[in-house]
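Subject: Structure for you to look at

Hello,

Here is the structure I promised to pass on. My notes follow below it.

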Amino acid sequence: MTSELDIFVGNTTLIDEDVYRLWLDGYSVTDAVALRVRSGILEQTGATAAVLQSDTMDHYRTFHMLERLLHAPPKLLHQLIFQIPPSRQALLIERYYAFDEAFVREVLGKKLSKGTKKDLDDISTKTGITLKSCRRQFDNFKRVFKVVEEMRGSLVDNIQQHFLLSDRLARDYAAIVFFANNRFETGKKKLQYLSFGDFAFCAELMIQNWTLGAVGEAPTVPDSQMDDMDMDLDKEFLQDLKELKVLVADKDLLDLHKSLVCTALRGKLGVFSEMEANFKNLSRGLVNVAAKLTHNKDVRDLFVDLVEKFVEPCRSDHWPLSDVRFFLSQYAASVHSLDGFRHQTLWDRYMGTLRGCLLRLYHD
Amino acid sequence: MPGKLKVKIVAGRHLPVMDRASDLTDAFVEVKFGNTTFKTDVYLKSLNPQWNSEWFKFEVDDEDLQDEPLQITVLDHDTYSANDAIGKVYIDIDPLLYSEAATVISGWFPIYDTIHGIRGEINVVVKVDLFNDLNRFRQSSCGVKFFCTTSIPKCYRAVIIHGFVEELVVNEDPEYQWIDRIRTPRASNEARQRLISLMSGELQRKIGLKVLEMRGNAVVGYLQCFDLEGESGLVVRAIGTACTLDKLSSPAAFLPACNSPSKEMKEIPFNEDPNPNTHSSGPSTPLKNQTYSFSPSKSYSRQSSSSDTDLSLTPKTAPYPQGPRIYLCPSSPSLSCGSLHLKKSCLLLSESSLIPHHSSLVSPVLRKSVSFSEELFLAASGMGSGSAGKEGGPFKALLRQQTQSALEQREFPFFTLTAFPPGFLVHVGGVVSARSVKLLDRIHNPDEPETRDAWWAEIRQEIKSHAKALGCHAVVGYSESTSICEEVCILSASGTAAVLNPRFLQDGTVEGCLEQRLEENLPTRCGFCHIPYDELNMPFPAHLTYCYNCRKQKVPDVLFTTIDLPTDATVIGKGCLIQARLCRLKKKAQAEANATAISNLLPFMEYEVHTQLMNKLKLKGMNALFGLRIQITVGENMLMGLASATGVYLAALPTPGGIQIAGKTPNDGSYEQHISHMQKKINDTIAKNKELYEINPPEISEEIIGSPIPEPRQRSRLLRSQSESSDEVTELDLSHGKKDAFVLEIDDTDAMEDVHSLLTDVPPPSGFYSCNTEIMPGINNWTSEIQMFTSVRVIRLSSLNLTNQALNKNFNDLCENLLKSLYFKLRSMIPCCLCHVNFTVSLPEDELIQVTVTAVAITFDKNQALQTTKTHVEKSLQRASTDNEELLQFPLELCSDSLPSHPLPPAKEHLESASSNSGIPAAQRATSVDYSSFADRCSSWIELIKLKAQTIRRGSIKTTVTVEKASPVGDGNFRNRPAPPCANSTVGVVKMTPLSFIPGAKITKYLGIINMFFIRETTSLREEGGVSGFLHAFIAEVFAMVRAHVAALGGNAVVSYIMKQCVFMENPNKNQAQCLINVSGDAVVFVRESDLEVVSTQQPTANCQSSGTEGEVTT
């Protein structure tokens, strides 16, 4: 006796959250059944393995049919085939678009191309996440990227509107899309200590301040330019950043800046002497990062540079975070007192964001 | 030109990409009705086109409106080649044709393609302007309402229940026409879908005409089926119960409806066309004209000879020359009693010999009873020269005669209803069923489907005569089915023989008297259990005892029925699903030889199914089966029998005895030990089941009632068949004391197998209950969560060891595993009950068994359920809420606070405030009491006649008690019941349920019948996820289309949903599969009770309570 066909269709589509998770995690039916058996469900319910197998198959089939709709979540809301309560729909979508921290760290900032997709095998081996799940997550990133790529308006709003994600998840996706678009390097060894959350935080700040959309007066740019307001960094801004170079190039200005900062921080900083000794190096590092951002290559290395030029030196001197905060505030504010420096707004736009990023990046 | 159909195509969405180059679609729509077609503009390059078309207007006959579906085709425009079809939508506009239903169809419909499934959706608006035409009912039957629900729909009241209507239409199956060889599968499928749609429309219209001729305005319990006879054609047939329904719209409307105007209405049929139903009134029942003569007695004689008149192509075989093998399965006792003592092998023989015996026995009895009834009637009514006779010249007959013979005159006094207005059902005799094996032949003239009609007529006659043999004049819970394999077809019909209260059956005169009488007698809750047949002349051997409830009437020890548990029945504990499963191998054979083989097997199968049911019932410690449905399926090399029913413990019936096992070789010690071991297991199981289903012995139940009950009287053993068996029984009757034990003899491995299989049935996990009736006896506090589902399983048998035992085991496992899976899947709903569990078995191929289950899981409140002490009252309240029959509260309350022994005084009080309806059984009972002392030799058929006679003598005192308005106390109680929380208020949710109600909600409007037929085919089976993926998707799509249609009608639920057919064929080698699904149900609007309470004040709610007979809130 073999079962040829075995299906269960409810008027309200049954969604088993546990099985959904197993499915999302990319387990085969056999593995999923084994995992469910291990969870002790048989003892709880008095069911047999055959029942579990049949149940799992059913759910997998349902999920497989739903997957097509999950690719365009608004379709899931309007489709008529599966009657699913709204709360369940939200759960399905949210879980489907959820991703693993380990996975996202691997692909963050990489081009979402076929080439990267081929590397998923390695990522799977490295992270212990099933290849299937890796594919799903990668395809999600790519799909969201494709959809919002050409769109104007707020990145987060666009994602939320087209994928019906929660605010949190939409922000994460915005970060992923932003990183993928700007190809920020995140995989270098010295960046390994950073979590996705750190990058997402930075991405959000950068989107808010450094992109075309951030200026709020972007419409002056003709549509033909087709710059994606939230995804691309404001080219003009990056160009202008060169002007900041004067802060380190002009010896007087640099000294003045240093003295201003030191005066303000004397006695307030535990690591004052180290700061004083390192000030020029640090300042040079931060300003040079800004000046280099005209080149795409250097934009990609932004985080590497920030860590190399600022985070690592401070860390080696054991600056406490509070001292870093003091220093950066003072460092940014003191520029306003530099009479010879004319690019105050530009400096604020740059440093405001950078300060936030650096503070986030500064940890073990 | 009586109708104008207007259609507007608004928009489309989620269309498939038809142009690979642009990833877009240039869609336009063709709207077709009859032979007229309109087109929309092409909406270029969009997957979400906005056509916003003008109103397309079709001016058509209402006949066409009824027959034709509106056909909407979405196409992709292609400049250079032929336009590609995206898909179609068929819309049945029937719901727009009667005033009370939907007024507009408007909404998103899935665009369906038979090859690709659902491909996007289209928004359509449909309206109909019907012109009032005096002659509009000539060819069409617009205005007749159809309900699938097998009870009086919730917001209606039955004025008259006219009776059985049936019709069938045949056609050639497009799949088998020559043209099918050259057309695409899509074209072929669409031709088939369209044809069935047309045929359904035509069938419905024809049935409607019959209803109009009967002066009815609605068909309740409408069941339409199609038989795919392959080469020989396509048959669409339908049965139903014609009724005159009154909408319960406002309290004011009720009074006139119930008093004199209704009287007038009822009298009209008699004055104008007193006998619309007799065979003489040609046009109304065209098909029967040729076959049956005018006088019933004649038709009986014809019936007895019908076996010889070989109308059909039935094979002539030695043992059963007539081919049709018809089997009488009267209320349980007969066969099981026989099984007590005889060796199985002998028993089978005796059994088979019993069958012809029955039929030969039945007809003389019938004739006798008929003639007797006439005499009696004449005597009673004091009209010596009543030459008219019951079937005589209808026009000249007096009104009284008409009323008395109203039922007799019906050719088939059948009712497809399974639940009835209070007081309608007087006695229940038992299950009657008939089967017939036929050889199919091409239907030569589709316009005159004589053979098919004759086949069914034959079977119905048989059913009727069985009912008469049981002393019943009517059959309720009637249904028909077929099973086809190649050119062999088994036709089956079954129902429950019953004695009905004539009040609802057209005769107006009796009413007043009955209602007056009711004040003198108390209503009984056990009346339906009392035997309708004469105890000295029983059609089969049975153990009779005095009713455990009223102590006055005889009841059988076990009762089998096909109906739902009457709402006023007293049940102890909970019910459970009981199934008998059986397979029998048969040799492959052709044509007549095959039919013969099947004919020979059928009685044995029936017998064994019956035995199994009986055993399992005893094992559960219960004494009655409701909703019994026996399905016999024929395949190439086997026959399958599957019987499902809901077992309950009826308080009125005696406590069932246990099961005794008797060995055949008593000297063998180890064998003895084995037997005793088995016996212990069985006893344990019975004890466990009693606990599980909370079947407390009657003593406890009497405590609940609050007073002791007199010691059961010594049961009369007079009637017990004095065969050698009974002695054996008493000898073996050891462990169960005074109760009769049911003896199972283990004389061979077969029997051992049977006993084992008895014990293998695993009870559902805790928190789960299941039944195949509308509601679970003993559970009454439903909460609002429901989940309807369909589950399909197909197993392939290994052809190596196909023995009957192996087959049985496989089949048993299949069903058990399926149930286990359901319990597991629905575990999140615990505590819940699977209601209306409907199993269908088919044998699509040699080694394949397909089982399809549709049921609904309903959650209930466990805390309340635990308060078993209050069960009765609560049940009554709940029932009242669900069934809108508040009157039932009354008798039940009665039972709970007054004892059966002196019920009269309290009854009076209640009666004054309560209804006339509930009084009917009382009157009935009273008469049957003196009947037993008076009429001794005639069947209880006469009981009814006599009752009428008596009432007539008393003169017709018209005190139409308008108590339907009802006991406000009861309503108050009910209202105070905590309403289930209304959690889900999402827009667009359409509930589906096979039940006729929605727990925690009130149906406010019936929008029309949903009857849909779909074909799905694939040539890329693997790509669609194999057979499971294919069918899973298809069933989901069918649900979606049903929901969309309901939503477009403005409804939010489908009740009485049924999947009538799910024919699945696969050819994995060719990577192909095809499936046909036919579903139906009633589209309704429901309002949550909690919402209702907010909106409406006490008055309307009281009305909506107020019974099946009135009071209704429309929103």
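By class, how many nonpolar, polar and charged residues does the lining of the largest cavity have? It has 18 nonpolar, eleven polar and seven charged residues. Here Ala, Val, Leu, Ile, Met, Phe, Trp, Tyr, Cys and Pro count as nonpolar, Asp, Glu, Lys and Arg as charged, and the others, Gly among them, as polar.

First, the ground rules. This is a predicted model, in which local features need pLDDT of at least 70 and side-chain atom pairs count only at pLDDT 80 or more, while totals for chains, interfaces and linings use all residues. Residues are numbered from 1 along each chain as its sequence is written, chains are lettered from A and ligands numbered from 1 in the order in which they are written, and side-chain values use heavy atoms, with hydrogens and water left out.

The two chains

Chain A has 364 residues, and 51% of them count as buried (under 20% relative accessible area; exposed is over 50%, partly exposed in between; 1.4 Å probe, protein chains only). Chain A holds 22 helices and one strand (DSSP runs numbered from the N terminus: helices are H or I, at least four residues; strands are E, at least two). Its C-alpha trace spans about 90 × 50 × 35 Å along the principal axes.

Chain B has 1115 residues, of which 66% count as buried. Its secondary structure comes to 28 helices and 31 strands. Of the contacts in chain B with a separation of 6 or more, 79% join residues 24 or more positions apart (contact means heavy atoms within 4.5 Å).

Where the chains meet

The contact takes 50 residues from chain B and 35 residues from chain A. About 3700 Å² is buried between them, and carbon and sulfur atoms give 60% of that area (the accessible area, 1.4 Å probe, that two parts lose on being put together, summed over both). Phe824(B), Lys825(B) and His1032(B) supply 22% of the area that chain B buries against chain A, more than any other three residues.

A cavity is a set of points on a 1 Å grid over the protein atoms alone where a 1.4 Å probe fits but cannot get out; a pocket is an open set with protein on both sides within 12 Å along at least five of seven lines; lining residues have an atom within 4 Å of a point. Points are joined across faces, edges and corners, and a volume is the space filled by probe spheres set on them. The largest cavity is lined by 36 residues, with Tyr90(B), Asp92(B), Ser197(B), Asn1011(B) and Met1012(B) closest to its centre. α2(B) gives the most to this lining, seven residues.

The second largest pocket has a volume of about 1500 Å³. Its lining counts 48 residues, and Met65(A), Arg68(A), Leu69(A), Ile81(A) and Ile118(B) lie nearest its centre. Elements of both chains give two or more residues to this lining, including α4 (49–70) of chain A and α26 (1026–1048) of chain B. The largest share, seven residues, comes from α4(A).

Nonpolar cores

The largest nonpolar core has 246 residues (a set of buried Ala, Val, Leu, Ile, Met, Phe, Trp, Tyr and Cys residues joined through side-chain atoms within 4.5 Å). Phe327(A), Trp347(A), Tyr350(A) and Ile122(B) have the most contacts inside it. α26(B) gives the most to this core, with 14 residues. Another core, of 45 residues, lies apart from it; Cys243(B) and Leu500(B) are among its members.

Single residues

Asp761(B) sits in the loop between α17 (749–760) and β24 (768–770) of chain B. Asp761(B) is buried, with a relative accessible area of 17%. Leaving out residues up to four places away in sequence, Asp761(B) touches Gln579(B), Arg581(B), Lys616(B), Asn812(B) and Glu816(B).

Gln612(B) lies in helix α13 (residues 591–619) of chain B. Gln612(B) is buried too, at 14%. Among its contacts beyond four places in sequence are Gln579(B) and Arg581(B).

Last, the backbone. Most residues other than glycine have a negative phi, and most peptide bonds are trans. The bond from Ile830(B) to Pro831(B) is cis, with omega near 0°. Asn52(B) has a positive phi, near 45°. Asn52(B) is found in the loop between β3 and β4 of chain B, and is exposed, with a relative accessible area of 52%.

Best wishes
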